[in-house]
Amino acid sequence: VQLVESGGGLVQAGGSLRLSCAASGLTFDDYAIGWFRQAPGKQRELVATDSSGGRRNYGDSVKGRFTISRDNAENIVYLQMNSLKPEDTAVYYCYAQWAGVNYWGQGTQVTVSS
């Protein structure tokens, strides 16, 4: 299983970014997929998840601003991030889970300037 993130970068507060995660080596439809993030000196935290059945869950700090979506035909998961804040600065990791096994991407840096 390979997960490759893209789309990170530097953006001003209030701006938007869309992250992508291309998955390979798995039956994408069967997997729960999502995004976590980790800021310097902090624990990795949930951003958004999408179960294989379509149920979505968001971290409290991003609700109403971020949207997760998946394209099962292309094996890609997206994270649309709007109204970005400096506290959203972190490395964002894509993950996939099936049968209790987690897979992680290498991460992509998102930096929001004030």
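Reader: Leaving aside its neighbours within four places in sequence, which residues is Leu-84 in contact with?

Author: The model is a predicted one. In it, Leu-84 sits in the loop that links β8 (76-81) and β9 (90-98). With neighbours within four places in sequence set aside, its contacts are Val-11, Ala-13, Gly-14, Gly-15, Ser-16, Leu-17, Arg-65, Phe-66 and Val-112.

Reader: How many Å apart in space are Leu-84 and Leu-17, C-alpha to C-alpha?

Author: Leu-17 is among the contacts of Leu-84. In sequence the two are 67 residues apart. From C-alpha to C-alpha, the separation in space is 8.2 Å.

Reader: Is Leu-84 buried or exposed?

Author: The cut-off for buried is under 20% relative accessible area. Leu-84 has 2% relative accessibility, so it counts as buried.

Reader: What is the order of the strands in the open sheet of four strands?

Author: Strand β1 (residues 2-6) runs antiparallel to β3 (residues 17-24), with five bridges between them. Six bridges join β3 to β8, again antiparallel, and six join β7 to β8. The order is therefore β1-β3-β8-β7.

Reader: Which strands stand at the edges of the sheet?

Author: An edge strand here has a single partner strand, so one of its sides is left without a neighbour in the sheet. From one strand to the next, the twist averages 15 degrees. The strands at the edges are β1 and β7 (66-71).

Reader: Which residue is the bridge partner of Phe-66 in β8?

Author: Phe-66 is also one of the contacts of Leu-84. Strands β7 and β8 run antiparallel. In β8, Phe-66 has as its bridge partner Met-81.

Key:
Residues numbered from 1 in each chain as written. Predicted model: local features only at pLDDT ≥ 70, side-chain atom pairs only at ≥ 80, totals over all residues. Heavy atoms only, no water. Helix = DSSP H or I, 4+ residues; strand = E, 2+ residues; numbered from the N terminus. Buried < 20%, exposed > 50% of the residue type's maximum accessible area, 1.4 Å probe, protein only. Contact = heavy atoms within 4.5 Å. Pairing = 2+ DSSP bridges. Axes fitted to C-alpha atoms, helices over the stretch in contact; angles between N-to-C directions.
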